[in-house]
Amino acid sequence: MIAFVIQRLLQSVLVMLTVALIAFALFNYVGDPINNMVGQDTTLQDREQLRQELGLNDSFVVQFGRFVGHAVQGNFGLSYQQARPVKTIILEKMPATLELSFMAAFLALLFGVPMGIYTGLHRNSWGAQAMLAVSLVGVSLPTFLIGILLILIFAVVLGWLPSFGRGTVVHIGWWTTGLLTVDGWRAIIMPAITLALFQMTLIMRLVRAEMIEVLRTDYIKFARARGLTSRAVNFGHALKNTLVPVMTITGLLLGSIIAFAVVTETVFQWPGMGLMFIQAVTFADIPVMAAYLVLVGFFFVVINLIVDLLYYAVDPRLRVEREATGG
Amino acid sequence: MAEVTTSGASVAVQPGQVRRFFDSDLWWSFRRSPVTVAAAIVAFVIIAAALLAPLIAPHNPYDLASLSLLDATDPPAWLKDGNWSYPLGTDTQGRDVLSTILYGTRLSLMVGVSAVLLSLLIGVTLGLIAGWRGGWIDTVIMRIADVQLSFPAILIALLIDGVARTMLPRDAQNEITIYVLILAIALSYWVHFARTVRGSTMVERNKEYIQAARVIGVRPARIVVGHLLPNVIGPVLVIGTINLATAIITEATLSFLGVGLPPTQPSLGTLIRVGNDYLLSGDWWISIFPGIVLALLILSVNLLGDWLRDAFNPKLR
């Protein structure tokens with residue numbers, strides 16, 4: 001167990017260093033950032049001074065050392081586009097993304113798990129077939145298309161919900177929240193649904209597959225033979241064993257939501273980190289890109305670490321399997 | 001599809017194989033499923049229309065001389081102010097929406113297919129090397145694959161694409177973008193191919209026909225390409241079909257985000273992005289029609305992929 005944890009931790013550190021190296025290479029070798037920051041009429045001297053201030057004239061080793069040192073403290077320098085510290089920008093954008101992501105994850109689990117149980121238990125019922133057909137369409141519709149359709153229906157045609165932004169936000173310390181105003185709740189509905197739909201279909205299909213798998217096993221047959229009510233069998237015995245993989249998948253789902261938040265935020269002009277990244281790419285704002293890269297890499301490494309350890313802790317069978325495959 | 005026989009063993013199509021294909025389980029399961037047949041027809045129509053775009057498109061959207069701003073943002077023909085020379089209406093520059101969709105589908109398909117082929121090439125090569133050689137090469141390749149698999153593919157494609165774009169000179173971007181896009185998508189999907197091929201290579205490696213080839217002194221490179229490859233390629237082609245849908249979605253998403261194909265060379269995703277800016281002013285047709293085509297294309301390819309996977313997996317029958 002301890003060896004496994006140490007091995008996973010080392011692997012995580014290695015991945016983080018790789019991500020940092022890519023981010024740093026981006027920093028060091030891409031274009032001339034000065035041109036993106038200053039106007040046409042800036043003198044050569046001013047340019048040189050700015051270059052010096054940003055530390056772009058130092059040697060490779062010095063710059064890499066400084067990059068890693070600063071990255072650990074969450075310091076990624078000044079944004080080329082806004083000439084403000086990247087840390088400030090990210091702290092400003094993070095609450096929006098986190099609120100949206102958790103809302104979406106919550107929705108996906110709230111609807112996905114019961115739908116999966118239902119379609120798993122009543123495989124051939126009319127409702128289950130309909131849900132499966134709809135879920136296939138849900139998988140085939142790209143996230144941004146779902147968002148556009150929602151905007152068309154609820155913002156343009158019906159005019160019920162705002163089509164962009166977060167609505168009115170309330171400041172609590174450095175955190176901003178839209179969940180304390182009616183406006184904010186109206187604004188989060190469509191982005192959260194857009195982001196949740198794909199994950200929901202995924203959870204539903206996973207729970208369904210697991211449920212069907214579990215219902216086939218001998219201990220379920222035995223429970224039925226003992227004369228337990230189907231309610232006790234389904235929810236007491238089958239569901240409990242179904243939820244092990246669901247629990248771990250939820251971790252991966254969070255990661256996937258962070259990835260797709262980029263798309264959803266762009267569709268709804270949601271002022272979060274995803275939108276920030278896309279804007280950074282179009283402006284070649286490299287410090288912001290590098291910071292996003294490192295931050296997302298960190299999120300994923302942590303999530304994966306937790307998921308792996310959860311697997312290990314929850315399901316004893318996996319321990320044996322892992323040792324057998326030497327992985 | 002004719003080259004994928006149920007055994008997955010032969011790659012070239014010979015005359016006798018055509019009849020064998022119509023006798024096969026594959027054809028039988030295809031005919032038995034009306035959804036699959038419908039999906040095949042839809043996919044065929046869209047692909048054929050895209051390939052024939054220069055012949056059947058009513059206008060040439062790239063010919064700037066033929067555009068007239070007087071015809072800009074015309075609604076579809078069946079609505080008031082519509083005009084039958086622009087059946088699905090025009091965009092803000094006066095381009096015929098139907099024609100841009102035909103040309104856009106062509107680009108979307110081209111990027112999707114190229115990306116899948118490239119990722120197949122990368123994945124199969126690395127998978128063969130890992131499975132055949134084993135040892136530290138295997139460890140390195142599979143560790144990279146594991147790490148990459150823990151990130152969503154779309155995020156990887158987005159990051160590769162974004163980083164590559166900032167590295168390129170601004171003025172060259174429009175020409176190179178399409179290759180960057182193909183490479184970014186290919187590099188985010190090779191893992192699935194590599195894992196499958198590695199697994200079946202490790203099984204096949206110890207079989208008698210490979211040992212026999214070794215004993216009579218066939219060079220390793222020839223064993224791998226000539227004997228091993230034909231026996232591990234079958235499942236890969238199925239994954240390829242399923243990945244085609246994902247690759248098309250990825251391309252559309254990147255183009256929609258503005259880091260894919262530029263508006264001068266629009267794919268379906270770019271068209272939706274451009275039209276999205278005018279959605280709020282009521283010009284819905286500019287983005288919704290490309291969206292419908294994209295959704296139909298992905299849905300039909302997905303259904304075909306699902307059917308292929310089920311047909312090759314007897315356990316599910």
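**Close-up views of a predicted two-chain model**

**View 1. The loop of chain B that holds Thr264(B).** In chain B, the loop that joins helix H10 (220-257) to helix H11 (268-276) contains Thr264(B). The model shown here and in the other views is predicted. Thr264(B) counts as exposed because 9 other C-beta atoms lie within 10 Å, and the cut-off for an exposed residue is 12 or fewer.

**View 2. Helix H6 of chain A and its buried residues.** Helix H6 of chain A covers residues 126-140, which is 15 residues. From first C-alpha to last, H6(A) reaches 22 Å, close to the 21 Å expected at 1.5 Å a residue. Three positions of this helix are buried: Met131(A), Ser135(A) and Ser140(A). An α-helix has 3.6 residues a turn, so residues three or four places apart point the same way. The buried residues of H6(A) pack against helices of both chains. In chain A the partners are helix H5 (86-121) and helix H8 (182-215); in chain B the partner is helix H12 (285-312).

**View 3. The contact between chain A and chain B.** Chain A contributes 32 residues to the contact, and chain B contributes 34 residues. On the side of chain A that touches chain B, at least two residues come from each of helix H1 (2-29), H6, helix H7 (143-157), helix H10 (230-268), helix H11 (273-283) and helix H12 (286-314). Sorted by class, this side of chain A has 24 nonpolar and eight polar residues, and no charged residues.

**View 4. Chain A by itself.** Chain A has 13 helices and two strands. Of its 327 residues, 37% are buried. Among contacts in chain A with a separation of 6 or more, 71% are between residues 24 or more positions apart.

**View 5. Chain B by itself.** Chain B contains twelve helices and zero strands. Read from the N terminus, its elements run α-α-α-α-α-α-α-α-α-α-α-α. Buried residues account for 44% of the 317 residues of chain B. For contacts in chain B with a separation of 6 or more, the share made by residues 24 or more positions apart is 67%.

Technical notes: Residues are numbered from 1 along each chain as its sequence is written. Chains are lettered from A and ligands numbered from 1 in the order in which they are written. This is a predicted model: local features need pLDDT of at least 70, side-chain atom pairs count only at pLDDT 80 or more; totals for chains, interfaces and linings use all residues. Helices (H or I, at least four residues) and strands (E, at least two) are DSSP runs, numbered from the N terminus. The expected span of a helix is 1.5 Å times one less than its number of residues. A residue is buried if 20 or more other C-beta atoms lie within 10 Å of its own, exposed if 12 or fewer, and partly exposed in between; C-beta atoms are placed from the backbone. Two residues are in contact if their C-beta atoms, placed from the backbone, lie within 7 Å. Ala, Val, Leu, Ile, Met, Phe, Trp, Tyr, Cys and Pro count as nonpolar, Asp, Glu, Lys and Arg as charged, and the others, Gly among them, as polar.
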